[in-house]
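Me: I'd like to learn how to read salt bridges, sheets and chain contacts in a model. Could you walk me through one, step by step?

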Number of protein chains: 2
Amino acid sequence: MDRVSLRTVVLGTAESPSVHRPGHGPAGRPGRNACVYVQWAVAGRWRFLSSGRVGLRQGCDHARHDRRPVQHRFARSRLHRAERDPVVMPGRLRREPPFAFTRPSVAASFLCVRPTKLGIIGLGAIGGSLALQAKRAGIATVLGWSPELGERVAAVRQGAIDDAPSRAADVARAVELLVLAAPPAANLDLLGSLKPHVGAGALITDVGSVKRAIVARADALGLGPRFAGGHPLAGTHEHGFAAARGDLFKGAVVYITSTRDGNGAAREVAHFWESVLEAHPVLIDAAQHDRQLALTSHLPQAVASLLAHYLARAAPPGATFGPGARDATRLAASEPALWTEIFLMNRDELLPALRSLEQPLGELERALETGNAQAVTAWLSCAAQWRRQADA
Amino acid sequence: MDRVSLRTVVLGTAESPSVHRPGHGPAGRPGRNACVYVQWAVAGRWRFLSSGRVGLRQGCDHARHDRRPVQHRFARSRLHRAERDPVVMPGRLRREPPFAFTRPSVAASFLCVRPTKLGIIGLGAIGGSLALQAKRAGIATVLGWSPELGERVAAVRQGAIDDAPSRAADVARAVELLVLAAPPAANLDLLGSLKPHVGAGALITDVGSVKRAIVARADALGLGPRFAGGHPLAGTHEHGFAAARGDLFKGAVVYITSTRDGNGAAREVAHFWESVLEAHPVLIDAAQHDRQLALTSHLPQAVASLLAHYLARAAPPGATFGPGARDATRLAASEPALWTEIFLMNRDELLPALRSLEQPLGELERALETGNAQAVTAWLSCAAQWRRQADA
């Protein structure tokens, strides 16, 4: 059996949320309540064990990563167990934390990163899947809301949520973590309208495909320290609660984007995705996220729809499409209203990408015009090489 | 139990292969050997029962669809059984024949549409799958050839072929049906080089994605009555015998394109695909095939590669691609050399289609530029509506 070492790391939190990377950022004074992560090391590799908010003595120095501040019940019991029985403990967290742990920061709220009460606004494919998986993972209370009564009823009937209050504010009021899973524009509005109702210690996140707008809105509303954007790369072209699946996020990358001063919230939301939904959280800047997603998600959506749009006009009626054409156009079946919002919110990034397609398209056309087999093969090989790596 | 009616239909064959549609074509004199299809009807719907080459009395008139000419052992035994026991008999052919059966034509070759000796030139994903499925369906002898020794050995080892002669001509000489499953340009050459070796009663077909060129070559070589083009819509982006699967063609549409005077061969090849490979054959004109496939297959391939080609240049290293982007670009992993041939053989159809993409692309760009949400939604809805029908 491998030997286990343990250490605790106090992280930046809501009140002082900057992440301290080596040689970077001020050494803050520890506050009364800090976010403590307990790590374990097996064969020299540190792994995440548990975390929690703990009460700390004012002025306590946690720079040495000692064990004393571990007051949190869950973390403490794990730590004691590990000290008694220093072998690898079973756990669901198989990966390194998604970011480097360094010197501690300061004060904190009382929120636990594994909420006992979770609220989800929007019970479509993403919100519904989130609810299903959260209940399966043992979250005590999951409340959900949807403007459609039918979806609320279906979600309760299938055990995805414990209750479906008739107003979104009632969900916001009752939970420790509120997930906005409505379409992007609605999420922006919900952030403002639900702000007065969200409990003092509660965190808010969303699941939208565009992140600059909602992160900026959270900052503008003064929700910075309590908000972090989220975006799981696990969509489906289907929509509505009927498309929800209990394993949609398992193993999926989920991007977490913090506000200007919301690194603490980002870490907590990341931990929620990792520990409850078994996703793989990756911290990313909102602007970088939107630039990247314009290429990796919004452009593929636009191109699949472009092909389908053209075929809808040009293909002979009754023509058969093989599995290749069906895969290439699958995304086109996605909900047009949702993707209109995403395209428009990210159009400053998407438009240049769309225009940039003209160059390689022109290259292929010229190679075909001149019957230049070598050029066609080289062009296709560049694409094939890239795509085969993705399957490797 | 449903009542069964039976009838026999004598079809056009190699020596007089024109298909007689009502009011069309000469009434030929029946030859010594005719291709007889036995049909059964349940609740008024005619279904295919069995077929075979039969010896017929010279001058016999089959125009009345009577039962007398059924001399073929298999067809006769089925017919007798059906007469004794007029209920629905179990059978593998669950669909209507892919074309209308009408008045009989004339003379025939001796070739049975279910060959006892099948030859396959090229043992890649398509040729290999064909061999696997043919053996599984009970074809007595399947011979295969590939320029790569490793593929020949793998195919024999996995029971896809019974033997792999060292020369393609040896395969051509020994079989009743020869399938060219090499890349399209190689198939064109093989047609000429193997012609002298193919037995007098044998049929030839191919499996390429472009059909005008090979159909024209067959006509030019005087192989018209013995050749029919084939194109199963069941490709894979993988290649080589390792990508062969025993169920690749099950339920897939396979296009059959006849030469100028090869309707008889086309029907026999169609029946081979239906009865042996459980595919769904559809007769189509070669020019119409190439025009249609430019849109339904070659354009999706080009667009998937276009997206991958651009992403290979523009996407940030290490960026994660979700299932949507992966599906949209899957085809890009296809073999570049193969698709270069297909693109160039069909470039007069593919190029206009590629250029026509510019119009809907421009429409989307303008809608995004002006922030016209309604126009973006309408554009996406046109694509979504079309694509959702394909899933329905």
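Reply: Happy to. Let's begin with one pair: the side chains of A:Asp219 and A:Arg260 form a salt bridge, with 3.9 Å from N to O. Keep in mind that this is a predicted model.

Me: How should I judge that distance, and which parts of chain A does the pair tie together?

Reply: The general idea is a cut-off: a side-chain nitrogen of Lys or Arg has to be within 4 Å of a carboxyl oxygen of Asp or Glu. The pair here has 3.9 Å. As for location, A:Asp219 belongs to helix 6 (residues 212-220) of chain A, while A:Arg260 is in the loop between strand 9 (253-258) and helix 7 (263-275), so parts 41 residues apart in sequence are tied together.

Me: Is A:Asp219 buried or exposed? And what about A:Arg260?

Reply: Buried means under 20% relative accessible area, and exposed means over 50%. A:Asp219 has 15% relative accessibility and counts as buried, whereas A:Arg260 is exposed at 72%.

Me: What does the salt bridge of B:Lys135 look like?

Reply: B:Lys135 pairs with B:Asp162, and their closest N and O atoms are 2.8 Å apart. B:Lys135 sits in helix 2 of chain B and B:Asp162 in the loop between helix 3 (149-157) and helix 4 (168-174), so this pair links parts 27 residues apart in sequence. Both residues fall in the middle class: B:Lys135 is partly exposed at 22%, and B:Asp162 is partly exposed at 38%.

Me: Which residues are joined into one network by salt bridges that share partners?

Reply: A:Arg167, A:Asp170 and A:Arg173 are joined in that way. Over all chains, a search of the whole structure finds 26 salt bridges.

Me: Now the sheet. In what order do the strands of chain B stand?

Reply: Seven strands of chain B make an open sheet in the order 5-4-6-7-8-9-10, with mixed pairing. Strand 5 and strand 10 (280-283) are at the edges with a single partner strand each, so one side of each has no neighbour in the sheet. On average, neighbouring strands are turned by 25° against each other, direction ignored.

Me: Which strands does strand 4 of chain B pair with?

Reply: Strand 4 runs parallel to strand 5 (residues 141-145), joined by five bridges, and it pairs in the parallel sense with strand 6 (residues 177-180) over four bridges. Four of the five residues of strand 4 (residues 117-121) are buried.

Me: What lies across these strands?

Reply: Helix 2 of chain B lies across strands 4, 5, 6 and 8, running at about 165° to strand 4. Together, strand 4, helix 2 (residues 125-136) and strand 5 make a right-handed β-α-β unit. Helix 5 (residues 184-194) also lies across several strands, including strand 7 (203-206), and runs at about 150° to strand 6.

Me: Last topic: how much area do chain A and chain B bury between them?

Reply: For an interface, look at area, residues and specific pairs. The two chains bury about 7600 Å² between them, 69% of it on carbon and sulfur atoms. The contact takes 81 residues from chain A and 81 from chain B. Eight salt bridges are counted between the chains, and one salt bridge joins B:Glu369 to A:Arg355 at 2.7 Å, N to O.

Terms used:
Residues numbered from 1 in each chain as written. Chains lettered and ligands numbered in written order. Predicted model: local features only at pLDDT ≥ 70, side-chain atom pairs only at ≥ 80, totals over all residues. Heavy atoms only, no water. Buried < 20%, exposed > 50% of the residue type's maximum accessible area, 1.4 Å probe, protein only. Helix = DSSP H or I, 4+ residues; strand = E, 2+ residues; numbered from the N terminus. Pairing = 2+ DSSP bridges. Right-handed = clockwise from strand over helix to strand, strands pointing away. Axes fitted to C-alpha atoms, helices over the stretch in contact; angles between N-to-C directions. Contact = heavy atoms within 4.5 Å. Buried area = accessible area lost by both parts, 1.4 Å probe.
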